[in-house]
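Welcome! Take a moment to look over the sequence and the 3D structure, and then let us walk through them together.

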Amino acid sequence: MAPIAISRALNMGLRKALESDPKVIIMGEDVGKLGGVFRVTDGLQKDFGEDRVMDTPLAESGIIGTAIGLAMRGYRPICEIQFDGFVFPAYDQIVSQLAKLHYRSQGRVPMPVVIRIPFGGGIGAVEHHSESPEALFAHVAGLKVVACSNAADAYTMIQQAVASADPVIFFEPKRRYWEKAEIDTDTPLSAAIPLHAARVVRPGRHLTLLAYGPMVKTCLDAAKVAADEGHEVEVVDVRSLSPIDWPTITESVRHTGRCVIVHEAQTFLGMGAELAARITERCFYDLQAPVLRVGGFATPYPPSRLEEYFLPDLDRVLDAVDRSLGY
Amino acid sequence: MRAAEPHATTGERDLVQLLTPEGLRLEHPDYPLEITDDEFRSLYRDLALVRRFDTEATALQRQGELGIWASLLGQEAAQIGSGRALLADDMAFPTYREHGVAWCRGVEPESLLELFRGVNFGGWDPKEHNFALYTIVIGAQTLHATGYAMGMQRDGSENAVIAYFGDGASSEGDVNEAFIFAASYNAPIVFFLQNNQWAISVPEERQSRIPLYRRAHGFGFPGVRIDGNDVLACLAVTRKAMQYARDGQGPFLIEAFTYRMGAHTTSDDPTRYRLASELENWKLRDPIERVKAYLSRNGLADAAFYDAIENEAGELAARVRAACLSMPEPKPLDIFTNVYAGGSPLVDEERAAFDHYLAGYEPAATREGGH
């Protein structure tokens with residue numbers, strides 16, 4: 001099969017999910033005829049009908065709140081939030097209702113709801129279209145949070161998320177939607193790498209780069225440059241932000257002794273803070289340097305003409321790699 | 001036919017009333033109600049038992065056995081009337097005060113106390129009773145109810161959903177979004193608004209410039225204001241509205257005009273924000289007294305009947321009290337149960353670590369238990 005884009009891989013995964021379970025429905029703003037503003041749901045309403053691919057009123061809390069009711073009735077809604085910055089009107093329904101219902105009901109009311117959120121910057125967008133709110137969701141017990149970084153994972157992970165018994169916040173790397181890769185449509189889901197597993201995407205022995213979503217590609221690029229300078233950098237795609245696959249991560253860091261964490265979100269209390277704390281606890285005697293973080297600044301996301309300075313890029317990642325290797 | 005006089009309390013001409021505070025039966029052209037003497041007596045029984053249960057729960061809180069209690073005092077008719085209008089396969093979404101509706105759905109009153117005692121977040125199975133868990137965040141459940149109704153619609157179900165909320169909740173975005181979704185998809189749902197006049201300390205006037213039932217018009221579905229202290233009006237109008245929804249005609253708003261005779265919860269002190277005379281005025285409109293007046297006036301109940309109900313109420317109160325006091329304490333490791341349907345290595349790890357930690361204190365725990 002020819003390489004396909006992440007947006008297309010998600011579309012194919014969603015199609016498989018709709019085909020495999022009549023209780024799966026897609027709901028959101030502009031997901032129908034338009035196929036979503038990123039065309040991820042392109043053609044699905046045409047093939048599955050308006051009852052299964054629903055254009056909703058323009059109200060995010062309403063989308064998630066009614067999805068919860070549909071899940072109570074036995075449906076498996078996949079909700080699209082159009083942009084990262086628009087999820088907050090639904091935050092109460094996600095945090096206070098969706099995340100807690102299984103717990104509150106003593107396991108009687110499962111919530112198999114997926115919330116797809118295109119996230120991150122780098123596309124020159126107007127404000128509220130470039131946020132990275134993943135830590136705000138990973139902090140909430142009862143939610144599972146994942147981020148895909150490439151087309152192959154996108155295809156598999158979206159299907160796994162839909163099959164999950166728990167609510168999954170599914171982050172899609174907006175600026176990589178058009179990045180193409182080979183995907184595997186033959187391996188059954190049951191034989192695929194589990195949804196909540198991290199993966200070593202480039203082996204190395206001098207330093208571990210941890211990233212997810214859009215920053216995985218940046219880290220792979222950085223690793224190539226580092227290799228030219230004689231540093232063998234291992235890149236781990238964290239993939240699942242809640243729960244986190246600690247065995248894969250700690251094995252890598254114990255092996256390399258150095259770790260740099262990269263994400264677009266603000267470094268302060270970002271995913272990197274949790275990753276660094278646990279890695280330090282678990283790999284203390286193997287570490288040759290403090291765990292370093294590269295991320296956004298403790299500022300609001302800046303106007304788009306400044307975003308290239310805000311977003312970690314090749315040079316900032318390599319700078320951190322050099323600092324770590326300097327210890 | 002009742003005269004179209006402005007209502008004494010609400011000033012509204014359109015308030016549906018089928019039983020006056022004096023216990024006089026009225027007819028309404030849109031809401032005919034056939035009711036047998038036995039049904040009338042059983043309505044009285046429900047109202048009286050639910051009030052007695054509520055009184056006992058308040059007492060249990062005062063004695064330190066419940067952390068808090070949200071009393072339904074004064075809203076018995078709104079809840080029993082609407083609750084008895086539901087069919088077994090209809091689905092109800094309550095706030096945290098719908099003890100009367102829970103009663104009608106066959107939820108054991110004892111299990112309502114579990115949330116307020118703090119042993120869990122809801123002791124009943126929503127599916128078994130078609131009665132969702134209590135929702136504390138104001139208005140959030142109206143969206144769940146709407147989604148559930150959309151699911152019924154997709155299933156080809158012949159049932160409908162009822163969503164309970166209050167005058168305060170009517171200001172929440174979620175309630176307004178629920179109205180929009182329900183209208184947009186023509187969902188089979190009745191929005192049952194108990195306007196008890198007070199959102200803790202804030203009066204209804206702060207929530208709305210117009211009578212709340214009229215809001216439905218702007219969303220494109222019918223709205224009716226009823227005497228929420230009139231169990232017959234609540235029964236008849238809810239029955240008709242539910243059938244309207246079941247018949248595929250879409251959502252319906254009922255505003256049950258009632259009064260919260262007690263505090264918002266046992267933590268509240270209404271003397272700080274409302275006059276005692278207001279309560280005295282509403283006592284004249286008590287939802288139970290008017291049923292009693294009707295039964296007595298028409299020779300449908302005698303002293304033996306009331307005595308029997310009172311005895312039954314006393315037994316219920318004793319049973320509820322005993323159940324509350326003997327409720328098993330949750331175990332520390334229950335904290336970690338059911339966080340996820342599919343499990344979580346993080347929760348498992350923390351559970352194991354806490355278990356290990358607790359084990360280190362076992363001698364202390366044993367010693368305390370010995371005293």
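Gln197(B) is buried, because 20 other C-beta atoms lie within 10 Å of its own. Here a residue counts as buried with 20 or more other C-beta atoms within 10 Å, as exposed with 12 or fewer, and as partly exposed in between, with C-beta atoms placed from the backbone. You will find Gln197(B) in the loop between E3 and strand E4 (198–199) of chain B. Although Gln197(B) is not a glycine, its phi is positive, at about 80°. Helices (H or I, at least four residues) and strands (E, at least two) are DSSP runs, numbered from the N terminus.

Ile200(B) also has a positive phi, of about 50°, and is not a glycine. Ile200(B) sits in the loop between E4 and strand E5 (202–203) of chain B. Is Ile200(B) buried or partly exposed? With 13 C-beta neighbours inside 10 Å, Ile200(B) counts as partly exposed.

## How to read the model

This is a predicted model, in which local features need pLDDT of at least 70 and side-chain atom pairs count only at pLDDT 80 or more, while totals for chains, interfaces and linings use all residues. Residues are numbered from 1 along each chain as its sequence is written, and chains are lettered from A and ligands numbered from 1 in the order in which they are written.

## Where the two chains meet

Chain B brings 33 residues into contact with 34 residues of chain A. Two residues are in contact if their C-beta atoms, placed from the backbone, lie within 7 Å. On the side of chain B that touches chain A, at least two residues each come from helix H5 (126–129), helix H6 (140–155), helix H7 (173–185) and helix H13 (345–359) of chain B. H6(B) provides the largest share, 11 residues. By type, this side of chain B divides into 17 nonpolar, 11 polar and 5 charged residues. Ala, Val, Leu, Ile, Met, Phe, Trp, Tyr, Cys and Pro count as nonpolar, Asp, Glu, Lys and Arg as charged, and the others, Gly among them, as polar.

What length should H7(B) span? Its 13 residues should span 18 Å at 1.5 Å a residue, and the end C-alpha atoms are 18 Å apart, which agrees. The expected span is 1.5 Å times one less than the number of residues. The buried residues in H7(B) include Val175(B), Phe179(B), Phe181(B) and Tyr185(B). Among the elements covering the buried residues of H7(B) are helix H3 (60–72) of chain A and, from chain B, H6 and strand E2 (161–166). After H7(B) comes Asn186(B), with a positive phi near 55°.

Helix H12 (residues 303–325) of chain B has 23 residues and reaches 33 Å from its first C-alpha to its last, close to the 33 Å expected at 1.5 Å a residue. Its buried residues are Ile309(B), Ala317(B), Val320(B) and Cys324(B). The cover over the buried residues of H12(B) includes helix H1 (37–62) and helix H4 (109–117) of chain B.

## The domains of chain A

Chain A is assigned domain 1 (4–191) and domain 2 (199–325); such bounds come from an automatic or database domain assignment. The centres of these domains of chain A, taken over C-alpha atoms, are separated by 26 Å. Across the boundary, 25 residues of domain 1 of chain A are in contact with 20 residues of domain 2 of chain A. Strand E6 (144–147) is one of the elements of chain A that supply at least two residues to the domain 1 side, and E6(A) gives the most, with 4 residues.

Both faces of E6(A) are covered, with Lys144(A) and Val146(A) buried on one side and Val145(A) and Ala147(A) buried on the other. In a regular strand the side chains alternate between the two faces of the sheet. E6(A) pairs with E7(A) in the parallel sense over 4 bridges, where pairing requires that DSSP finds at least two bridges between the strands. Val146(A) has Phe170(A) in E7(A) as its bridge partner.

## A buried arginine

Arg239(A) lies in the loop between strand E11 (233–237) and strand E12 (240–242) of chain A. Arg239(A) is buried because 26 other C-beta atoms lie within 10 Å. Leaving aside neighbours within four places in sequence, the contacts of Arg239(A) include Val146(A), Ala147(A) and Asp153(A).
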